[in-house]
Amino acid sequence: MKVEQSANIAKKPASVAGAKGVEIRVLIAKDDGAPNFAMRMFEVQPGGYSTLELHRHPHAVVVLRGTGQVVLGEETHAIAPHDCVYVAPGAKHQFRATGTEPLGFLCVVDRVRDRPVVVRHDKAP
């Protein structure tokens, strides 16, 4: 079991080529005793974005702060605090920070998961 302030967990830059201004904190994972999932906190700097990618595993996302957009398949949706996003397995997706403050969100995924397949390395439109 674990109780810890998220601010005390180290941030790491996103390790996927093509992301801009993305940092990740792994809040809860295998080392914490979570057998089936991992919870991560993402922070995307204003003007930043994750890669446009897809996976075989689902994502459950809750926006904590900032404003932005999420690309889901062929659609783009505005996102803001308290919005919930479900990314289905195999759906291409990208998160973009469009506001003046960082876009912060929680993302829960399967603990055992495939690596992302990057659809595009260029910058967000």
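This is a predicted model: local features need pLDDT of at least 70, side-chain atom pairs count only at pLDDT 80 or more; totals for chains, interfaces and linings use all residues.
Tutor: We can start with the whole chain and then go strand by strand.

Student: How many helices and strands are in the chain?
Tutor: Zero helices and 11 strands. Here helices (H or I, at least four residues) and strands (E, at least two) are DSSP runs, numbered from the N terminus.

Student: And what about the overall size?
Tutor: The C-alpha atoms fill a box of roughly 40 × 30 × 25 Å along the principal axes. The radius of gyration is 14 Å, which agrees with the value near 14 Å for a compact globule of 125 residues. That radius is taken over C-alpha atoms, and the globule rule is 2.2 Å times the number of residues to the power 0.38.

Student: What percentage of the residues count as buried?
Tutor: 38% of the 125 residues. Buried means under 20% relative accessible area, exposed over 50%, and partly exposed in between, with a 1.4 Å probe and protein chains only.

Student: And the surface?
Tutor: The chain exposes about 7200 Å², with carbon and sulfur atoms supplying 55% of that area. Accessible areas come from the Shrake-Rupley method with a 1.4 Å probe, and for residues only the protein chains shown count as cover.

Student: How far apart are the mean positions of the positive and negative charges?
Tutor: They are 4 Å apart, for 16 positive and 13 negative charges. Lys and Arg count as positive and Asp and Glu as negative, while His and the chain ends are not counted. The place of a charge is NZ of Lys, CZ of Arg, CG of Asp or CD of Glu.

Student: OK, strands now. Which way do S1 and S2 run?
Tutor: S1 (residues 12-13) and S2 (residues 20-28) run antiparallel, joined by two bridges. Two strands pair if DSSP finds at least two bridges between them. Pro13 stands opposite Glu23 in S2. The two strands form a hairpin with six residues between them, and Gly18 in the turn has a positive phi of about 105°.

Student: Jumping ahead, what do S6 and S7 form?
Tutor: They form a hairpin with two residues between them, and Gly73 in the turn has a positive phi of about 65°. Five bridges join S6 (residues 68-72) to S7 (residues 75-79), antiparallel, and Gln69 is partnered with Ala78 in S7. Glu74 lies in the loop between S6 and S7.

Student: Is Glu74 buried or exposed?
Tutor: Glu74 is exposed, with a relative accessible area of 70%.

Student: What does S6 have on its S9 side?
Tutor: S6 pairs with S9 (residues 93-97) over five bridges in the antiparallel sense. Gly68 stands opposite Ala97, and Val70 has Phe95 as its bridge partner.

Student: Why is S9 largely enclosed by the rest of the structure?
Tutor: Five of the five residues of S9 are buried, so the strand is largely enclosed. His93, Phe95 and Ala97 point one way, Gln94 and Arg96 the other.

Student: Which residues does Leu54 touch?
Tutor: Leaving out residues up to four places away in sequence, Leu54 touches Gly90, Ala91, Lys92, His93, Arg115, Pro116, Val117 and Val119. Contact means heavy atoms within 4.5 Å. Leu54 is found in S4 (residues 52-54) and is partly exposed, with a relative accessible area of 27%. Its C-alpha atom is separated by 4.5 Å from that of Lys92, 38 residues apart along the chain.

Student: Last one: what is the phi of His82 like?
Tutor: His82 has a positive phi of about 80° although it is not a glycine. His82 is in the loop between S7 and S8 (84-87), and is exposed, with a relative accessible area of 70%.

Notes. Residues are numbered from 1 along each chain as its sequence is written. Side-chain values use heavy atoms; hydrogens and water are left out.
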